[in-house]
Amino acid sequence: RGSNMVHRCPATLGILRATTVVFVVSLSIHGQTSLRDLARKNGILYGCAVGSAFWSDQSYKSLIARECNVIVSENDMKFNAIEPQRGQFNWQKVNDLLAFCQQNDIKLRGHTFVWHQAVPNWLANGTFNRQEMLSIMKTHIDSLAGHCKGKIIEWDVVNEAIDDGNGNALRSSVWKDRIGNDYIDSAFVYARRADPNALLFYND
């Protein structure tokens, strides 16, 4: 669900935190090199999603710094975290993530510009028409991508747009319902213009 991590595929970035800990303990017991070093020697990216524990557990941060060469934010780069009130942006945790990655030579994957969940109340409860929604989407992507430009290797542009329960092609969301099916196309166009050098993914 957007937080899996290993290699460089859209639905990638995979070993669960608990499994990672088991692997790390096993490597430590046998005195072997870190997973980060093993991944680098084999030319791959290895990492995990970072959530609430990242902000409250220093030992977890140290574990990530030692074992990972790429991370993805679980929730702190989503729309409701970035712009809880329209026009009021909260960059603190994004800045902290960027600083942590720079200090520890870790790459950062951006997650996610457009999703049916994690939508701020002002957007979910608004009565915006198609053009207003496209403008809101563009402003959000421009703001987040612009803030992180040159520091993010890749972005999940659209997350979980496919309906996985009712047999429809695309799931109902504020984006699909108010813009139309082409909201996905627009999101990728805006993302490419905002950050021409980053890899762009659809994630599911």
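How many bridges pair strand β3 with strand β4, and in which sense?

## Basis

This is a predicted model: local features need pLDDT of at least 70, side-chain atom pairs count only at pLDDT 80 or more, and totals for chains, interfaces and linings use all residues. Residues are numbered from 1 along each chain as its sequence is written, and side-chain values use heavy atoms, without hydrogens and water.

## The sheet

Strand β3 (residues 107–115) pairs with strand β4 (residues 154–159) over 5 bridges, in the parallel sense. Strands are DSSP E runs of at least two residues, and helices are H or I runs of at least four, numbered from the N terminus. Two strands pair if DSSP finds at least two bridges between them. W115 has N159 in β4 as its bridge partner.

The open sheet has 5 strands in the order β1-β2-β3-β4-β5, with parallel pairing. β1 (47–50) and β5 (199–203) are the edges; each has a single partner strand, so one side of each lacks a neighbour in the sheet. Neighbouring strands are turned by 25° against each other on average, direction ignored.

## Helix α8

α8 lies across β3 and β4 and runs at about 175° to β3. Angles run from 0 to 180 degrees between N-to-C directions; axes are lines fitted to C-alpha atoms, for helices over the stretch in contact. Contact means heavy atoms within 4.5 Å.

Helix α8 (residues 130–148) also packs with helix α10 (residues 183–194) at about 35°, axes 9 Å apart. L134, M137, K138, I141, D142 and A145 in α8 meet Y183, S186, A187, Y190, A191 and A194 in α10. The residues of this contact divide into 9 nonpolar, 1 polar and 2 charged (Ala, Val, Leu, Ile, Met, Phe, Trp, Tyr, Cys and Pro count as nonpolar, Asp, Glu, Lys and Arg as charged, the others, Gly among them, as polar).
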